[in-house]
Amino acid sequence: MVTMANEWLLLSPAAAFVLAALALFVIDAFAPEDADGGLLAAVAAVGGIAALSASGVLLLSGVAADGVELFGGQLVVDGMSLLFTFIFGSVTALVSVASVDYIRELPHKAEYYLLVTLAATGMSLLASANSLAVVFVALELSSLPSYALVAYLKRNRGSVEGALKYFLVGALSSGIMVYGISLVYAATGSLLLSDVASALGGASADYPGVLGVGLLMIVGGLAFKTASVPFHFWAPDAYEGAPAPVAAFLSSASKAAGFVVAFRVLVVGFPIGTIAGTLDWVLLFQVLAVVTMTLGNFAAATQENVKRMLAYSSIGHAGYALIGLAALTNAGGPGAEATVLGASMLHLFVYGFMNTGAFLFVALVEHWELGRTFEDYNGLGREAPVACVAMTVFVFSLAGLPVGGGFLSKYFLFAGAVGAGVPWLALVGAVNSALSLYYYSRVVKAMWIEPPAEPLGIERYPTALYAAVLTAAVVTVLLLPGLVVFDGIAFEAAASLF
Amino acid sequence: MVLETVPAEYYLVLSAAVFCIGLFGILTRRNALVFLMSVELLLNAANVNLVAFAFYWGNVTGQTFALFVIALAAAEVAVGIGIVLVVHRNFDDVDVTNATTLKW
């Protein structure tokens, strides 16, 4: 059994984010005119690296393998929360480093890094949230800084408009979600996930409709956070309008945060075995997964703007990750369920690197002010070959080709879906993956094959942005063998939820 | 006990009515500030449920959570007003349907 001191150590990943945010507050208070923002970025990046190191050490040491409840069960630290905090730490570090060059000329740098670390704090709490109250508070802590971050370029119409749409949909869906939570409380008398689960069969039978509508509304709130249909409308506009590093942060870390809380709320709080008669959420997620991945991939295929294509592809990937919930039909037994849920976590893990890297490459191109369409990328391979090799790795890994971890995580996911007794979901996913190869390879073709319309005239090769892009690329490639070694962590984390 | 005279279901009806008014406002009004007010109605509909059912179940979980919701509603409006302000500066209007530079 863990002692009191160790309980606090278990929260060290979240504490790393909090300390980084507090340090940024202090620096901003004493030296508001820090010229290049390097110090601020370093503090945020160190916070991210500390969080990922702490969660990595805790994960490998296995102290929290069975899940340790803190604060009377409000928070739980287990394999899944540590795995996702590792993702948030990595993405925060990559985005902070890349932002040094991206926002070099812009004011309010301290606020920018502050909002990133505060949002990351909210995400790491979301990963540990074990009661609906904490879910809502942590969700808002990660969402509110994100709205402000999207509007960071406050004289840019696209940035402001993206933030407005993100905020409008976000405020609506959080209102719907908290009403859903209140209905679940009305039906069960508790907000703790374990108590909600044990109340499902008892008194809540008096109010099956209230409970079902409440759960449906909570799922709506989660769909917003994961950018899944039907609350996906904000994603393309927010990602396109936002500064590219912020888009990287939102589409990777924020999405993963939405999924980790969806996994825990639905699997722990509303086990499908007891709630199937009220609201069969597995069936609901089967529909959502198919619609989300198909809509995301078809819309991505029609885009002319690379950033918007990546935004829709990120909706498509939300559809793949939803398979982890949609395949919990209990047809293949608990082992198969843990496998497919773990595969979904692994996919979000790899996605955290490859998608962040792809958006950071867009940040690099925006930094060069080359434009945003596929044509603007023509001939980039000759001018910036190293970065373009990295981008090629990202998009092919996103498509599921065996150049990066994306191949293995998709393989695990589809194989897991087959093992869990829903082979048709794997088939839809595979068809969508094949389609996605079309629009991903358009980027590669533009970069390496098409000649540029006019000389690109790239003069600066920003060090920090390059470092972030290349780190993401190296990790994406290393995850191909790495996933084979470390996949057990995700499967065990998933198995401990059931 | 108040709830012996007013059944718990009545509170559900009240909160559902408030929620629907808020949702109607969000879907039909174009002014971003009215949108913010409508979101407040959604959150307060939830608060009615939370407080009423805290009495029904005899625990204070719901009441405590309602306090958190009130605080978060204030934070959300603060960020929202900020965004509405930059929207007004860039588009000279707070009509949410005016900002259409991004299209599919």
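**Ground rules.** This is a predicted model, and I noted that local features need pLDDT of at least 70, side-chain atom pairs count only at pLDDT 80 or more, and totals for chains, interfaces and linings use all residues. Residues are numbered from 1 along each chain as its sequence is written, while chains are lettered from A and ligands numbered from 1 in the order in which they are written.

**Where the chains meet.** I looked up the contact between the chains and found 35 residues of chain B touching 37 residues of chain A (in contact means C-beta atoms, placed from the backbone, within 7 Å). Which helix of chain B gives the most to that side? I found H3(B), with 15 residues; helices and strands here are DSSP runs numbered from the N terminus (helices H or I, at least four residues; strands E, at least two). By class, I read 25 nonpolar, nine polar and one charged residues on the side of chain B that touches chain A. Nonpolar covers Ala, Val, Leu, Ile, Met, Phe, Trp, Tyr, Cys and Pro, charged covers Asp, Glu, Lys and Arg, and the others, Gly among them, are polar.

**A pair across the chains.** Helix H7 (157-188) of chain A packs on helix H2 (32-57) of chain B at about 10°, with axes 8 Å apart. Axes are lines fitted to C-alpha atoms, for helices over the stretch in contact, and angles run from 0 to 180 degrees between N-to-C directions. H7(A) is therefore roughly parallel to H2(B) (under 35 degrees is roughly parallel, over 145 roughly antiparallel, 65 to 115 roughly perpendicular, the rest oblique). Among the residues making this contact I listed A:Leu172, A:Ile176 and A:Tyr179, along with B:Leu42, B:Ala46 and B:Phe53. The contact has 18 nonpolar, three polar and no charged residues.

**A pair within chain A.** H7(A) also packs with helix H6 (132-150) of chain A, at about 170° and with axes 9 Å apart. That makes H6(A) roughly antiparallel to H7(A). By class, I noted twelve nonpolar, five polar and one charged residues there.

**Single residues.** A:Phe285, in helix H13 of chain A, is buried, with 25 other C-beta atoms within 10 Å (20 or more is buried, 12 or fewer exposed, in between partly exposed; C-beta atoms are placed from the backbone). The peptide bond from A:Val229 to A:Pro230 is cis, with omega near 5°. A:Phe71 has a positive phi near 55° without being a glycine, and I noted A:Phe71 as partly exposed, with 13 other C-beta atoms within 10 Å. A:Glu369, also not a glycine, has a positive phi of about 55° and counts as exposed, with 9 C-beta neighbours inside 10 Å.

Technical notes:
Contact = placed C-beta atoms within 7 Å.
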